[in-house]
Amino acid sequence: MAGDGLDAIFSPASIAIVGASRHIGKIGYEIVKNLLANGYRGSIYPINPKTDEVLGVKAYPSVAAVPGPIDLAVIVVPAAYALPAVEECGKKGVRGLVVITAGFREIGGAGLERERELLGLCKAYGMTMIGPNCMGVINTHPDVAMDATFAPTPPLRGHVSLVTQSGALGVAILEHAKSLGIGFAKFCSLGNKAQVSLNDLLQAWGDDPETKIIVAYIENFGNPKNFVRIAREVTKKKPVIAVKAGRSEAGGRATASHTGSLGGSDLAAEAVFNQTGVLRANAIEELFDYASAFSLGTLPKGNRVAVISDAGGPAIMAVDELSAQGLILSEFTQATKASLKSWAPPDASMANPIDLTPEGSLEDYRRALAAVLEDENVDAAIAVYVPPVRTDEVEWARVVWTTAQKHKKPVLCNFLGRTEDSPGFLELVSHGLPSYLYPESAARSLAALYRYAQYLKRDEGRTRTFEVSRARAGTILDTVLGESRTRLTEIESVEFLEAYGIQTARARMCKDIDEAAVVARQLGYPVVLKAVGRQLVHKTEQGAVVLDIRDERALRLEAMRLHHRMETQGIAIDGILVQEHFSRGKEVILGMTRDHVYGPFLVFGLGGIYVEYLKDVSFGLPPLTDQDAYRMIRAIRTYPLLTGVRGEPPRDIDALAEAILRFAQLVLDFDQIQEIDLNPIIALEEGKGYRAVDARIILTPPDSERT
């Protein structure tokens, strides 16, 4: 991508519309119309060999016929003519392209080859391209005033920049944003993102002074590792809010067919957002709920919230959602309580949430809101209002925004029973105060502000690289694959993990009971016996594990019983593994699966035989920082069990964090590994480390196709 390519796309001094049309409703007509209607400051060159003008602007038969230079060309001709048009642009010296035309990778077959040729032309002529299969770009800056899209709704000027992978959703988003009073700095529909990607725009807009908030509709990540790196930097400067489509398997297939790109696991996407501070919205509506909240420009210093209402029901709904989002109700100071009590209406409830009842006056509402915002125990407020018949809703809205402006604390409103075009709603949003149709939306949006405020304080940590024996580990994998196997044996797994400094329970393979007795004496009792064989996958369910054997007599007896159980099930075994036993520890799991888009992503959680039922796990996408590892540990619901409960000693959390980091380094070093489960890992007492006591390591066959 040319270094100045994005400048040519978003701040062009001249634009050619290749495929401009005189017919209303045609894309080539709508783009010219939007450029004119929004007062584009540069030169417009409609390209159409069959006409002399389009919408009163002189038309040219070809790009080559344009007398002056062209910064940006918008391509809207049919797919069959797109490549010659792009090549002509390259010869003309055009620096930026927006290819609206569809019929490329998203259709497969011939479209794939057409897109490859398109990229080849961009590379050959040093052009930067948005698209293909997109709806265009917008820059509302007064010096540019460019709307190079076919969207019917002109955007408001503002400081939100939006990137979307769906053109149709882009049209709907622009329209919805206008009804909310949200203005844009820049807008980009990426389409197939054959060249310019979400990562490129994040990086550019992260340094754009006109952009205060970045919002995104994402169907798939082109390069997740780059996204993690870039998003970490950008979210420390400004909020990034995203909707990620394709949560379900069916949705993932649909996004692939839409843009011709694989979407990857939603669990991995969630890990990406958690690590980078990107705020994930669950729907387009929620995306703009959050954007409205961030337009305040004020973040809460803490999670203590006051709720003021003239009706109990909506206030309770707000409180329920605040609690679900991890926020708490403020405990007012004695001074605030005394102030409220001194003038409170007879039937009002002045405890948090404050319910003034419909009998409360506008002055009562003003005094209550001012009192809580002045309280040092209040970090933010939600103003809930159900307009009674006798009150002018605009007057109430004016009371709220004028009071809020006097304090540096976020105030979000729930204007119940009113639509987005109601006078009171418009009064609020036009004065920078976000308003929501329902109390839960206000509570969720406030929670997003709080999460981002906490993220800005977060220590991102540092990456650590450990000295390991990569060559030794690689030799083990080469041996396994050389024998046409895809699974490491127990002993190979132990040696492989030890090469990366991951603490394992000492173990030895034994060919018979006599050798097992010798090894047990060497390791020291108590020990564990495990039958080893290719048919043994879930050893516990198959009766292939015996725990806590404390002497040789018990060992010989249990070894015979173990052999008998395997024979009864028709399972051939290669021998018996004798392993040291740990009885006083908490069982956790550390695992990895390799996603076809994101690469390896990690799972940590409560382990043992119940992991599939409890599903108390967290996820991470390597490379990880040391703080990422600690956050993975703290993220599970049962984390308090690791810190010590009911008199139990705390577990060695520092050692577990190091294990996660070493594990992350391991899976990044060997892309032959498809899957690893270390379950259980015994988390020992603080200062004593941990032991991985069972490992399942699966490799990708060397002749398999990797995506």
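The expected span of a helix is 1.5 Å times one less than its number of residues. The legends below apply this to a predicted model.

View 1. The chain holds 24 helices and 30 strands. Its C-alpha trace spans about 95 × 80 × 40 Å along the principal axes. Of its 707 residues, 57% count as buried. Take the contacts in the chain with a separation of 6 or more: residues 24 or more positions apart account for 71% of them.

**View 2. Helix α4, residues 110-125.** Helix α4 has 16 residues. From first C-alpha to last it reaches 23 Å, close to the 22 Å expected at 1.5 Å a residue. Five names make up its buried set: Gly111, Glu115, Leu118, Leu121 and Cys122. Seen down the axis of α4, these buried residues fall within an arc of 115 degrees, so they line one face of the helix. Ala110, Arg116, Lys123 and Ala124 lie on the other side of α4 and are exposed.

**View 3. The cover over α4, and the residue just after the helix.** The buried residues of α4 are covered by elements including α3 (79-92), β6 (96-99) and β7 (128-130). Just after α4 comes glycine 126. Its phi is positive, at about 65 degrees.

**View 4. Valine 63 in a loop.** Valine 63 sits in the loop between β4 (57-58) and β5 (72-75). Its relative accessibility is 1%; buried means under 20%, so valine 63 counts as buried. Residues up to four places away in sequence aside, valine 63 touches Val18, Ile47, Ile70, Glu88, Cys89 and Lys92. For scale, take isoleucine 24: valine 63 is 39 residues from it in sequence and 23 Å from it in space, C-alpha to C-alpha.

**View 5. Threonine 625 in a loop.** Threonine 625 is placed in the loop between β27 (617-620) and α22 (626-634). At 8% relative accessibility, threonine 625 falls under the 20% cut-off and therefore counts as buried. Its contacts, leaving aside neighbours within four places in sequence, are Arg232, Glu460, Gly461, Arg462, Thr463, Arg631 and Leu661.

How values were computed:
Residues are numbered from 1 along each chain as its sequence is written. This is a predicted model: local features need pLDDT of at least 70, side-chain atom pairs count only at pLDDT 80 or more; totals for chains, interfaces and linings use all residues. Side-chain values use heavy atoms; hydrogens and water are left out. Helices (H or I, at least four residues) and strands (E, at least two) are DSSP runs, numbered from the N terminus. Buried means under 20% relative accessible area, exposed over 50%, partly exposed in between (1.4 Å probe, protein chains only). The arc is that of the directions from the helix axis to the C-beta atoms. Contact means heavy atoms within 4.5 Å.
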